[in-house]
Amino acid sequence: SEKNDNYRPNFHFTPKKNWMNDPNGMFYLNGTYHLFFQHYPEEPKWGPMHWGHATSKDLIRWEEKSIALYPDEKGYIFSGSAVVDKNNTSGLGKNGIIPIIAMFTYHDIVGERNGEEEYQSQAIAFSLDEGMTWTKYSRNPVISNPGIRDFRDPKIQWDGENQQWLMVLSANDKTLIYTSGNLLDWELASEFGKGVGGHGGVWECPDFFPIKVSNTNETKWVLIQSLNPGAYNGGSGTQYFIGDFDGKNFIPENYLKDLPAEHDYWLDFGKDNYAGVTWSNAPHDIDERVFIGWMSNWQYAQEVPTYTWRSAMTIPRVLEVKKKNDNTYRIFSKPVKQLDSLSQLKYSNDMENTEGEFLLADKSRVNMDKLRIKLQIPEIENREYRFELKNSTGDQLVFGYNDNSGNFFIDRRNSGNTGFSENFANRISTAPRTSDKNILPIEIFIDKTSVEIFYDSGETVMTEIFFPHAPMEKLSLQSQENDFSIKKLKVYELQLN
Ligand code: FRU
């Protein structure tokens, strides 16, 4: 219906029809990025899970393909990953064709309904035509269930240093690390996470990869671990750990070893970035790891007011690791550079001594539904800065930074249609600022029903969705002080054709 398409974003991936959750099986090959996703093609809610498929040359403009994996008598096809098996270590390649190997979780719905514990196992599928069609491996499952209820979401990765395949798997309250020479026979190497970090719910959708620390020759390992519920602002969220890998064990940095449940190592503090993982085989991935997340939250994902399609992905982001002055490491998320060539600069500005409120953007100057804004606030000390996104029906989405509390925030309580779930707009989301710089750089993406805010060059990110009664018309910035300055304002419109 028209209402649904009014809410469909312009530059975020959405399924043509019906339900989507986690990104799955992402790999890059020969100029094409592949994105698979948890998909129920029959209804706009979670159900028998398939892997949908889409491809893109630039990570932004996607073309949906036919369904890659259908559920079968062994179960639903839950989340998982894919790699390019260049040396045909699996032996599943034929006639010199390089196989793509996917690993996913079988969720045996019959077993679950019968009250069994062991209904999740890991299985393989392979493609001999660069991901377009898939064959399930004849000896599935390749890892059967050892007696753990939540045992899922395998993420595979080539470990060049130790010349082995790695796989991380979520097992209820920990991450399991497996190794393999051929992607088919797997050995449990170690486990991580019991009692470390957030444990308000089940661990899901891990990722584990090496990355160069920016501006050094040092390499660190990043373990991404989604959690539902128990996120910083409630419901689903994604935490991360940084450390070293000895070929079997993940050894977190000392200051992370006893990381409490309440901590500030989250990839995104907004409520709508979950189950995200990174592309395999992407160019320069030791420096620039490309990530995408599901832009929703299990608290209300199935109730959001879109009816023919449901859920979008975040914009893809490059993850970088930086070492801070206090010798801790943090992940910085940056919008992928492919967005730059699609961003048309509409105007730029430096503003001094603005009285109370400054209109950053409005519909007479830029399409408010395809908006990208960069700016810097040079003086933040003891001040509050509020961005207000508004329309003429009185809806407003408010976000910003309060230096007295040291918190960023998003307030979507009056952002429009919020009544579909009591958890959607019952509180203001916050994020602690971890940068100690006096200048605050900010980058904002607004796409009809979502806002993604990258503070401090991506050190703190907040992503949230909202459903206004009418399109948003203007974005202003205000501070309680009478006058304030902003620098290097740049306002862009995304051009997608
Ligand atoms: C995360 C998740 C995964 C699971 C999938 C099922 O959102 O619960 O753990 O594989 O969704 O659709």
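In the predicted model, Ala 125 has Lys 136 of strand β8 as its bridge partner. Strand β7, residues 120-127, is joined to β8 by two bridges, and the two strands run antiparallel. Both belong to an open sheet of four strands, ordered β5-β6-β7-β8, with antiparallel pairing. The edges of this sheet are taken by β5 (76-84) and β8 (135-136); each has a single partner strand, so one side of each is left without a neighbour in the sheet.

The largest nonpolar core contains 69 residues, and those with the most contacts inside it are Ile 373, Leu 375, Phe 399, Ile 444 and Ile 486. Strand β31 (residues 474-494) supplies the largest share of this core, namely six residues. Apart from this core lies another, of 39 residues, which includes Ala 54, Val 277, Ala 282 and Val 290. When residues up to four places away in sequence are not counted, Leu 375 touches, among others, Phe 387, Leu 440, Pro 441, Ile 442 and Ile 444. Its contacts also include Leu 477, Ile 486, Lys 487, Lys 488 and Leu 489.

Glu 452 is located in strand β29, which spans residues 450-455. Glu 452 counts as buried because its relative accessibility is 0%, and buried means under 20%. Its side chain makes a polar contact of 2.5 Å with the side chain of His 12. The side chain of Glu 452 also reaches the backbone nitrogen of Ile 315, at 2.9 Å. Beyond its neighbours within four places in sequence, the residues in contact with Glu 452 include Met 295, Thr 314, Arg 317, Glu 443, Ile 444, Phe 445, Met 462 and Thr 463.

Arg 317 also forms a salt bridge with Asp 268, with the closest N and O atoms 2.9 Å apart. This pair links distant parts of the chain, 49 residues apart: Asp 268 lies in the loop between β16 (250-252) and β17 (274-278), and Arg 317 lies in strand β20 (residues 317-323). Both Asp 268 and Arg 317 are buried.

Over the whole structure, 32 salt bridges are found. In the one between Asp 150 and Arg 152, the closest N and O atoms are 2.8 Å apart. Asp 150 and Arg 152 are both buried.

Definitions and conventions. Residues numbered from 1 in each chain as written. Predicted model: local features only at pLDDT ≥ 70, side-chain atom pairs only at ≥ 80, totals over all residues. Heavy atoms only, no water. Buried < 20%, exposed > 50% of the residue type's maximum accessible area, 1.4 Å probe, protein only. Polar contact = N/O pair within 3.5 Å; in protein donor to acceptor, adjacent residues only side chain to side chain. Contact = heavy atoms within 4.5 Å. Pairing = 2+ DSSP bridges. Core = buried A, V, L, I, M, F, W, Y, C linked by side-chain atoms within 4.5 Å. Salt bridge = Lys/Arg side-chain N within 4 Å of Asp/Glu carboxyl O.
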